[in-house]
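Below are some questions and answers about how terms are applied to one model. The structure comes first.

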Amino acid sequence: MKKQTTAMLMALTMAASGLTACVPKATTETTTAAVAETTGTAGGETQGEFHMNKEGLPIVDEPITYEIAAATRKNTNFQDLEYFQKLEESTNVQINWYMTAKDAWSEKKSLLFASNSLPDAFYGQNILTNVDVIKYASQGMLIPLEDMIDEYMPNLKKILDENPQYRKQITAPDGHIYSLPTINEMNPTTHDKLFINKTWLDNLGLEVPTTTEEFEKVLLAFKNEDANGNGDPNDEIPFTFRYTTSDPYNRQQGLQSLFGTFGQLDDIYHFIVKDGEVVYTPTTEPYKEAISWFHQLYEDGVIDQEVFTHDANVYVSKIQDPNKIVGMFLGWSRSATATVNKDDYIPMAPLVNSNGEQIWRTVDAKMLSKNSFSITSKAEHPEVLMRWMDQSYDLEKSLEICQGLIGHALEVTPDGRYQQMKLPEGMVLDTVIHDYGPGNDGTFAVMQEIIDKLNLNANLTERKELDEFYSQYNVPIEEMYPNVFFNADEIEEIGVLQTDIDSYVMQKYAEWIVNGGVEDEWDAFQQKLKDMNVDEYIKLYTDAYTRYMAE
């Protein structure tokens, strides 16, 4: 909150390519400090005694200004959003927002920490990574928050007290909490769904496949028999997904769940849990068998030849093509991915695997982000920021951040329920949500208590129905590796090992599916992983898992 911080932040922002412009600095008349019955200064200004109200609003009687860094997918300056304008009016806490486009955030974040030119806080889902939190907390740049949660955040404290699993997930190995969460209990436990073109099946007189043999037969028919009926037998893409080195950790559009066809699921970091033991899937036979099968499909020409090169925009454009060229795809939902073509698709159950089972990945998705708000050592009187942040953990305000402000996207019914408003012609809900509030870039906790009062719109209804469809196939969450915090030593060791191991595994993954050779090269692959110290890599994940489960 020092004047020099503002100057350095502005300089860094102008120097970093691809970063958006900073929010203009507030006038010095409004840059004041106020807090918890203390005498102090803020922003370098000499002030008298100021009082923070521990309860009720406003938080402070005289305006106080903080600098907060945030990143957005929507290229919107948070200072222009009605949600934050109203929050400022009610709390007397003014925010100088330093906004960055999501794509440029990693670079800007590194500059801020490297130069120790920190804002007072970081705001927004996954604004920091687990590694960031542990690394910079150990250096004293981020401060512990757990005592202030208990004293100054009644809304969040109630959530954590009633849901101790959430407190566990945000607690670092040293016992401190350095970041606050975003929670959405509406979120499904299945992220990646497999959709098949029912219109094409009907056109060709086929049924939804249940085995690998039927799967292959259907895809070959999609390829060879003019499934979309437009007279061109060569414009169909039987099956598409997305796996690129620029976005390798995509949980919605990759093949991870289809590995279950061979008795064992995969995950983006390739760590799962079997019988209480941590397993690194690229060292296992089921992984090899799955890769070999995917190669056969690729060689048969039924897998999109661009699965390792197309980006998200190209991917969805194929699925949404008005010529209806895709037979099968992986995605979040029909509405989100197929849009205008959604009625052609139905969800497809997992194939019966080599153990006679049908299994699909489970995601502990209610914790959207463990790292959605952190306070730095530069912040004076951080309890003011904690009280400010707690307003967004109010149940109704959380619903508004997530689903749109009341009066713009939501309305309250006469019986006290919430429902989506009829939107103006040509407007879509996502736009309305983000025109007035932070939406997906925000920090909130949508809990079941408020969900029970929400009349679900069509998108939320579809999400619920898809989750119910896959629930019978989801493996127990205990079989998926949890989102753990590693300690500082583990982070350093993983940093040395993971880059090379991940790069090598990704390279062979794509190479084997496209060109084949997994059987011939498997032993050499395993030896190479050992040479790269994969055993130590697995041990680090195992140790962190053991510690997490013991807490």
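Q: What angle and what distance between axes describe the packing of helix α10 and helix α18?
A: This is a predicted model, where local features need pLDDT of at least 70, side-chain atom pairs count only at pLDDT 80 or more, and totals for chains, interfaces and linings use all residues. Residues are numbered from 1 along each chain as its sequence is written, and side-chain values use heavy atoms, with hydrogens and water left out. Helix α10 (residues 285-299) packs against helix α18 (residues 488-515) at about 45°, and their axes are 6 Å apart.

Q: Why is α10 called oblique to α18?
A: Angles under 35 degrees count as roughly parallel, over 145 as roughly antiparallel, 65 to 115 as roughly perpendicular and the rest as oblique. The angle here is about 45°, which makes α10 oblique to α18.

Q: Which residues of α10 meet α18?
A: Contact means heavy atoms within 4.5 Å. On the α10 side they are Y287, I291, F294, H295 and Y298; on the α18 side, V505, Y509, W512, I513, V514 and N515. This contact has nine nonpolar residues, two polar and no charged.

Q: What makes β10 and β11 edge strands?
A: Two strands pair if DSSP finds at least two bridges between them. The open sheet has the order β10-β7-β11 with antiparallel pairing, and β10 (328-331) and β11 (345-347) each pair on one side only.

Q: How many bridges join β7 to β11?
A: Three bridges join strand β7 (residues 193-197) to β11. In β11, P347 is the bridge partner of F195.

Definitions and conventions
Axes are lines fitted to C-alpha atoms, for helices over the stretch in contact, and angles run from 0 to 180 degrees between N-to-C directions. Helices (H or I, at least four residues) and strands (E, at least two) are DSSP runs, numbered from the N terminus. Ala, Val, Leu, Ile, Met, Phe, Trp, Tyr, Cys and Pro count as nonpolar, Asp, Glu, Lys and Arg as charged, and the others, Gly among them, as polar.
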